[in-house]
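Here is a short note to read alongside the structure. Keep the view open and follow the points in order.

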Amino acid sequence: MVLERHSREYVETRVRAGVLEQGTVDILRDSGVGERLEREGLQHQGVELRFGGQGHRIDFQDLVGKSITVYAQQEVVKDLIAARLGYEAPIYFEAEAMQIQEYDAQPRIQYQFDGTSHEIACDFIAGCDGFHGICRPAIPAGQLQIHERHYPFAWLGILAHVPPASHELTYTYHERGFALLSMRSLEVSRLYLQCAPDENIENWPDDRIWQELRTRMATQEGFVLRDGPIFQKGITPMRSFVTSPMQFGKLFLLGDAAHIVPPTGAKGLNLAVADVRVLTRGLVEFYKTGSLEPLRQYTERCLRRVWKCQRFSWWMTSMLHRFPNEDSFSHNIHLAELDYVTRSRAASTTLAENYVGLPFDTPGLF
Ligand code: PHB
């Protein structure tokens, strides 16, 4: 049974992430929800890193033989909801989980639906309720270790009705700060600018945003960034956060309920899917054989991969952003690192291998 706090319309239209690792695409396809994704998803064989007024392509296909797919998270959500309703499994929209009553012998969740209070008893709870949900706080504080890092900047993000200026994602390091050109489709661009963490969006009229994007993304070859109507604007804070353990009794934490990555590198959604995969395998094993062993290993199996993705997201963030009070020394270190990453095949391969997604199953390694 799925309890969803928001309406179906809200979750199907809320703009979130957009980059799927190949492993994520494979899971969706193997789960029978890959048909529209295969038709409408945009396959990208690489990304561009831009600095010093020049672009440098990291060719994923050439380096690691894999690609990524641009397909908006809300489209994945639509496909999952349609599939679930298709086989008549329940989803309760606008049903708010209020409290977890018990997480050991027989877990129970109290929730509000249709103006009244209800309770469900279940075998297991999958806490997929995000960073602000009730599942993580339901674990006694003394049982949880939190590892986190806040960054002294944020992203100002826009969605605009204009074809993307480049056919692949472009990550830019500039003295004035980071900028990213991404997309949601061949008609919709998604663009980001590094800004102050307490930036007021009111100070950013559309013209100023386009102007700043053009300044940061300019190249010696005369890169042209066309503008178009901006239909959404927002500020995204940047944070790294990991909870350990990711389970307590029969309560399991998945995705943002357990960990947050800064968006540089587009790992958030993919990490959540990886957690789902580990939990699902454990549940299948339990219902087939009665063994709880794979479920007992949930935290260990998830965290081994989570920390590698944390490291990658932290590294991409550090390499591509300006920190407060950076001097010419740190500026040159950024440039040297980017020059190295784009010129050394070993370093490019490291970036590519992480960006397309680390393998799910390499015992002992990931
Ligand atoms: C996005 O399209 O929203 C996006 C793409 C790549 C990132 C982060 C966000 O690294």
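This is a predicted model: local features need pLDDT of at least 70, side-chain atom pairs count only at pLDDT 80 or more; totals for chains, interfaces and linings use all residues.

1. H10 covers residues 298-320, and H11 covers residues 328-343. Their axes come within 9 Å and cross at roughly 125°.

2. By class, five of the residues are nonpolar, two are polar and one is charged.

3. Now turn to the sheet. It is open and has eight strands, in the order S5-S4-S13-S14-S15-S12-S16-S19. The pairing is mixed. Strands S5 (54-59) and S19 (259-260) are the edges, and each pairs on one side only.

4. H10 also packs on this sheet. The helix touches S12, S13 (170-172), S16 and S19. The direction of H10 makes about 130° with that of S16.

5. Look at S12 (residues 145-161) and S16 (residues 230-244). These strands run antiparallel, joined by 13 bridges.

6. Finish with S4 (residues 46-51) and S5. They run antiparallel too, with six bridges between them. Phenylalanine 51 stands opposite glutamine 54 in S5. The two strands form a hairpin, with two residues between them. Glycine 52 lies in the turn and has a positive phi of about 55°.

Terms used:
Residues are numbered from 1 along each chain as its sequence is written. Side-chain values use heavy atoms; hydrogens and water are left out. Two strands pair if DSSP finds at least two bridges between them. Helices (H or I, at least four residues) and strands (E, at least two) are DSSP runs, numbered from the N terminus. Contact means heavy atoms within 4.5 Å. Axes are lines fitted to C-alpha atoms, for helices over the stretch in contact, and angles run from 0 to 180 degrees between N-to-C directions. Ala, Val, Leu, Ile, Met, Phe, Trp, Tyr, Cys and Pro count as nonpolar, Asp, Glu, Lys and Arg as charged, and the others, Gly among them, as polar.
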